[in-house]
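Biologist: I have a few questions about how the labels on this model were reached. Could you show it to me and take me through them?

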Amino acid sequence: MVRSADLVPFHALSSARAAVLVLPGGAVCSRGRYWTFVDIALRDLCCDLAEQGAPHGLAVHLLRYRYRGWNRHRADTAVDAEWALARIADTYGDVPVVLVGNSLGGRAAFWVAGHAQVTGVVGVAPWLPEGDPVEHLAGRKVLILHGDRDRGGASARRSLAYAQRARTVVPDLLRFEVVGDGHYLLRHTPDCWAVTVDFVLGTLGFRPFAPPIAAALADGHDRLRTPMPPGLASGK
């Protein structure tokens with residue numbers, strides 16, 4: 001069965017200054033229909049992005065893939081992400097875009113980050129297998145959030161190894177470890193969304209980074225295992 005990807009608007013505009021593309025999770029290998037229930041976990045994030053980005057002319061869209069899986073060499077999720085970037089360019093023109101990818105969508109976000117309009121990438125518990133390329137991240141701002149207890153296929157260990165390689169082309173790459181949390185970040189979801197929104201708006205130049213992010217970026221210590229500060233959501 002031939003299926004089509006779909007862009008779900010959380011804040012669509014006739015004219016935008018910038019855009020965010022949110023890429024949900026899925027399965028490693030499946031040609032089954034996209035799981036619409038995975039949207040639920042990202043709705044609060046999309047609504048926060050839409051609300052806080054609206055005064056700045058920020059368009060917010062979530063991508064629903066043709067299939068729920070990456071599917072080995074087919075890289076269906078990344079193919080759909082490329083399609084979505086083309087749709088955003090057709091709709092809004094040559095505006096800067098920040099990608100926010102969760103789990104499987106994190107891999108897609110990093111795969112397509114070399115697109116000319118992409119200025120930043122956020123990976124939330126991203127699936128980043130060994131050997132995925134990093135050179136195309138040069139010139140982008142990058143944030144990774146990962147629970148330190150995530151030991152599955154999309155493990156914290158893998159995202160750390162990816163970040164260590166990517167650091168050669170993105171010297172100020174920031175990776176927050178969410179202490180005591182697993183893949184779904186259930187204990188710290190509001191803080192994770194707060195830091196994501198702040199990073200997106202700061203990357204686009206709409207407001208300064210919040211002090212915890214600015215401090216982590218400016219600090220000389222290892223930015224790849226920075227414990228995520230508590231209470232970020234209460235400060236938004």
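Modeller: Happy to! Bear in mind that this is a predicted model. Let's begin with Leu99, whose place is in strand β4.

Biologist: What makes Leu99 buried or exposed?

Modeller: Buried means under 20% relative accessible area. Leu99 has a relative accessible area of 0%, so Leu99 is buried.

Biologist: Which residues does Leu99 touch, leaving out those up to four places away in sequence?

Modeller: Among them are Leu21, Leu85, Ala109, Val118 and Val122. Contact here means heavy atoms within 4.5 Å.

Biologist: Thanks! Now, why is Ala54 called partly exposed?

Modeller: The label covers values between the buried limit of under 20% and the exposed limit of over 50%. Ala54 has 33% relative accessibility, so Ala54 counts as partly exposed. You will find Ala54 in the loop between α1 (40-53) and β3, where Ala54 touches His11 and Leu49, not counting residues up to four places away in sequence.

Biologist: How do you know that Arg3 has no salt bridge?

Modeller: A salt bridge needs a side-chain nitrogen of Lys or Arg within 4 Å of a carboxyl oxygen of Asp or Glu. For Arg3, which is buried, the nearest side chain of opposite charge is Asp76, 8.9 Å away, so there is no salt bridge.

Biologist: What does the side chain of Arg3 reach instead, and what makes that a polar contact?

Modeller: The side chain of Arg3 reaches the backbone oxygen of Arg31 at 2.9 Å. Arg3 itself is found in the segment before β1.

Biologist: And the sheet: what makes β1 and β8 its edges?

Modeller: The open sheet has eight strands in the order β1-β3-β2-β4-β5-β6-β7-β8, with mixed pairing. β1 (6-11) and β8 (226-227) each have a single partner strand, so one side of each is left without a neighbour in the sheet.

Biologist: How do you know that β1 pairs with β3?

Modeller: Pairing takes at least two bridges. Five bridges join β1 to β3 (residues 58-64), so the two strands pair, and they run antiparallel. Within that pairing, Pro9 stands opposite His61 in β3.

How values were computed: Residues are numbered from 1 along each chain as its sequence is written. This is a predicted model: local features need pLDDT of at least 70, side-chain atom pairs count only at pLDDT 80 or more; totals for chains, interfaces and linings use all residues. Side-chain values use heavy atoms; hydrogens and water are left out. Helices (H or I, at least four residues) and strands (E, at least two) are DSSP runs, numbered from the N terminus. Buried means under 20% relative accessible area, exposed over 50%, partly exposed in between (1.4 Å probe, protein chains only). Lys and Arg count as positive and Asp and Glu as negative; His and the chain ends are not counted. A polar contact is a pair of N or O atoms within 3.5 Å; within protein, one must be able to donate a hydrogen and the other to accept it, and residues adjacent in sequence count only if both atoms are side-chain atoms.
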